[in-house]
Amino acid sequence: ERLYAEIRRFRTLAEETAWRAVDGWGGDTFVVWEREDGARVCVWRTVWDNTAEAVEFERALVALIPQRYLPVRPMDPPSGMPGQWWDTGTGAIHVSRVARYVTFVYAPNVNTLINVVGVLP
């Protein structure tokens, strides 16, 4: 219910699409690091019952990025790095999926995002 509510909060997905996107949720971890100047790095990793459920959630999450973060510009992934990347003007976003795991990372700038994504397991 919590995950469904978060996705619906942006009101950019149809209700049926949002319910399908959260079906199969197996859990998540959300961590925020904040510097003294207020800059934040957020890492949200979700786990799904199977790969198909993870793919469905990843698609819904990626569809929300342009609605939630304005302005947003897709970026080419840095050399050798997986996933999808965006620059928002006020930060940078990365979304990737490995098997049943979907990871969302927000950082205050592209360089910080590259450093964080580079050390994630």
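Colleague: Which residues line the second largest pocket?
Modeller: R45, P82, H94, S96, R97, V98, Y101, T103, V117, L120 and P121. Each has an atom within 4 Å of a point of the pocket (an open set of points on a 1 Å grid over the protein atoms alone, where a 1.4 Å probe fits, with protein on both sides within 12 Å along at least five of seven lines). The model is predicted: local features need pLDDT of at least 70, side-chain atom pairs count only at pLDDT 80 or more, and totals for chains, interfaces and linings use all residues. Residues are numbered from 1 along each chain as its sequence is written, and side-chain values use heavy atoms, with hydrogens and water left out.

Colleague: Which strand gives the most to this lining?
Modeller: β5, with four residues. Strands are DSSP runs of E, at least two residues long, and helices runs of H or I, at least four, numbered from the N terminus.

Colleague: Why is the pair R97 and E58 called a salt bridge?
Modeller: The closest N and O atoms are 3.3 Å apart. A salt bridge needs a side-chain nitrogen of Lys or Arg within 4 Å of a carboxyl oxygen of Asp or Glu, so this pair counts. R97 is in strand β5 and E58 in helix α3, 39 residues apart.

Colleague: What makes E58 buried?
Modeller: The relative accessible area of E58 is 14%. Buried means under 20%, exposed over 50% and partly exposed in between (1.4 Å probe, protein chains only), so E58 is buried.

Colleague: Why does R97 count as partly exposed?
Modeller: Because R97 has 29% relative accessibility.
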